[in-house]
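Please consult the sequence and the structure shown next while reading.

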Amino acid sequence: MVVISRRLEQAAVGSLFRYSPTRNVQSPNSSRHLSPRSLPDPLFPWLTSIYRALDEFRRKPEKCGDSLRVLLQNCISNFSDDEQYRDDARFLKICILYGDVTQDFKRIFEMMEAKGICQGQSMLFEAYAAFLIAKGDLLEANKVYRLGISRNAEPLERLKRMYAMFLKHVEEIIQKAAPESQVDKIVHERQDQYCVDPWSTSVIDSFLKKKETCIKKYAGYHASNKIYSGKASLSSLQSSSRNKTLELGGEKYQIKGCSGVGRFAQVYKAFVDNNPDDVVALKIQRPAFPWEFYMYRLLDERIRSEERSSFGFAHRAHIYADSSILVTDYLPHGTLQDAINSHLVTNKVMEEVLCIHYSIEMLRMLETLHSVGIIHGDFKPDNLLVRYSREELSADGFSSRTGNWADQGLCLVDWGRGIDLGLFPAGTNFIGDCHTSGFRCVQMQENQPWTYQVDTYGLCVIVHMMLHGSYLTLEKKAKPNGSDHYQPKKPFKRYWKVELWSNLFSSLLNNRSNESDVMLLQSLRKSFEDHICNNQQMINQLKHLLARQKSSLGLT
């Protein structure tokens, strides 16, 4: 009995009659006394017959299946060598339907490859991949998608979206029911080329396993196959916990308060051996998550010493069977989010010169990270700690970041979503979704592959928050060449340096290239630096505002 996939049938039949090469094509009735080859479109009568045969098949599948199969086979035999139909979407749909009817799509696909039929149309690869997925052959489906993308089959963006959806589906199967051999091969092939979710459990676990020997040699790494068994259980810690003591590797940490709570982790302020001059942050996570410690050590290896203070330090990591505890520097000055909020409580937004200062800092951060193959992956104001100089800022040193200005700026923390590009083959793109409201880059919103945009979009959101006091909302406009252009919905104030801000948003929001963005970031940073460094009055104003901001946060 012939069985047709309803989805493939719809794909194949949906527009069989939409294309007509000439207005003089005869109708089925008027052409029945003519030789098919004498018609301007010899395929047209066959389309009519196939449409009728399908209608009969739907009503009587047991009786009409064979006649439909023979009709499709004869049609393909008649036209598979005809140059006129080498790239005809209608003929492609007939081939797709025949592959589904016979359940031998592989043979049809190989025939079409050998004869060069519709090799530039994404529908061929989408349909064959859908057939393979229905059969449970995920590995072959993966290869078919990649083959179509490598041939730039059109529409290419739709094919890439379908492939991205497939890979997300594979993630669920990897965790549940796929045979182990398929899982290993799919994960390997995903990392080998095109797209991968860098945050998926399977990908991170495979990298941790690969780097296990190296990680164990890192200074401060302590691992145990037992659960944490200190006097104060980790599960007893609450956001209000104070003065409980955790014993880790011969050190005692007195909890002095909770600094932050997330879905899987809590961060606590703690004194080392009850010494108020030795303060650290303890990040407690369940289940254990050694990846963040790996990222901190990667920063130690790749970031120059003069830039290192902008990215946080991890002293130790204690990995247990049920949890992990990361010991990092504690910065008491709050976050950039706190600084933004300190203005909003007085119904004001940041002064433009402060926005410029922090924009320069963030551009320099991402320029530094991306130049050494690192993506932060969670770039938002909560993860940017403010660094204030201990002494009064001097009149000079701003442009070179020397003197007291070297201690003034931001520090990027929370590296749990960090991406080491060195672990992926060159040219790999990403498809994971951060699921952070307000910080999903354009590519995530449109289900497109991304790389550095996950960071630069976060920068745009933060700049918008500083300038306007609200999250970024986008406006999409069509350009004359047919492409889309994104820009913030909220207009800039006339008295701002509009050309600077307009260039920043336009350049970063519309950067569709997944190649290195270091030169772009450097150019944007220098444009802001040139503006402020050419005006000593602005630097003096910045000094005053930073001192006032520090004071408003209760810092001395």
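How much space lies in the second largest cavity? About 80 Å³ of space lies there. The model is a predicted one, in which local features need pLDDT of at least 70 and side-chain atom pairs count only at pLDDT 80 or more, while totals for chains, interfaces and linings use all residues. Residues are numbered from 1 along each chain as its sequence is written, and side-chain values use heavy atoms, with hydrogens and water left out.

**Overall architecture**

The protein chain contains 19 helices and 15 strands; these are DSSP runs numbered from the N terminus, helices being H or I of at least four residues and strands E of at least two. Of its 556 residues, 53% are buried, where buried means under 20% relative accessible area with a 1.4 Å probe, protein chains only. Among contacts between residues at least 6 apart in sequence, 63% join residues at least 24 apart, a contact being heavy atoms within 4.5 Å.

**Cavities and a pocket**

The structure holds six cavities of 30 Å³ or more. On a 1 Å grid over the protein atoms alone, a cavity is a set of points where a 1.4 Å probe fits but cannot get out, whereas a pocket is an open set with protein on both sides within 12 Å along at least five of seven lines; lining residues have an atom within 4 Å of a point. Grid points are joined across faces, edges and corners, and a volume is the space filled by probe spheres set on the points. In the classes below, Ala, Val, Leu, Ile, Met, Phe, Trp, Tyr, Cys and Pro are nonpolar, Asp, Glu, Lys and Arg are charged, and the others, Gly among them, are polar.

| Space | Volume | Lining by class |
|---|---|---|
| Largest cavity | about 90 Å³ | four nonpolar, three polar, four charged residues |
| Second largest cavity | about 80 Å³ | seven nonpolar, two polar, two charged residues |
| Second largest pocket | about 540 Å³ | seven nonpolar, five polar, five charged residues |

Helix α14 gives the most to the lining of the largest cavity, with four residues; α18 (518–533) also supplies at least two. Residues lining this cavity include His 357, Glu 361, Arg 364, Trp 405 and Glu 529. In the second largest cavity, the largest share of the lining, three residues, comes from β8. The second largest pocket is lined by 17 residues, of which Leu 331, Pro 332, His 333, Tyr 388 and Arg 390 lie nearest its centre.

**Nonpolar cores**

A nonpolar core is a set of buried Ala, Val, Leu, Ile, Met, Phe, Trp, Tyr and Cys residues joined through side-chain atoms within 4.5 Å. The largest one has 93 residues, and Leu 336, Tyr 358 and Met 362 have the most contacts inside it. Helix α14 (residues 352–371) gives the most to this core, with 11 residues. Apart from it lies another core of 53 residues, including Leu 71 and Ile 96. Among the residues that Tyr 358 touches are Leu 336, Tyr 388 and Gln 549.

Ser 389 lies in the loop between β10 (384–387) and β11 (409–412). Ser 389 counts as buried because its relative accessibility is 4%. Not counting residues up to four places away in sequence, Ser 389 touches Asn 404, Asp 407, Gln 408 and Lys 550.

**Paired strands**

Strands pair if DSSP finds at least two bridges between them. Strand β3 (residues 245–248) pairs with β4 (residues 251–261) in the antiparallel sense over four bridges, and Glu 247 has Lys 252 as its bridge partner in β4. The two strands form a hairpin with two residues between them, and Gly 249 in the turn has a positive phi of about 55°. Seven bridges join β4 to the antiparallel strand β5 (residues 265–272), and these two form a hairpin with three residues between them.

Notes
Buried < 20%, exposed > 50% of the residue type's maximum accessible area, 1.4 Å probe, protein only.
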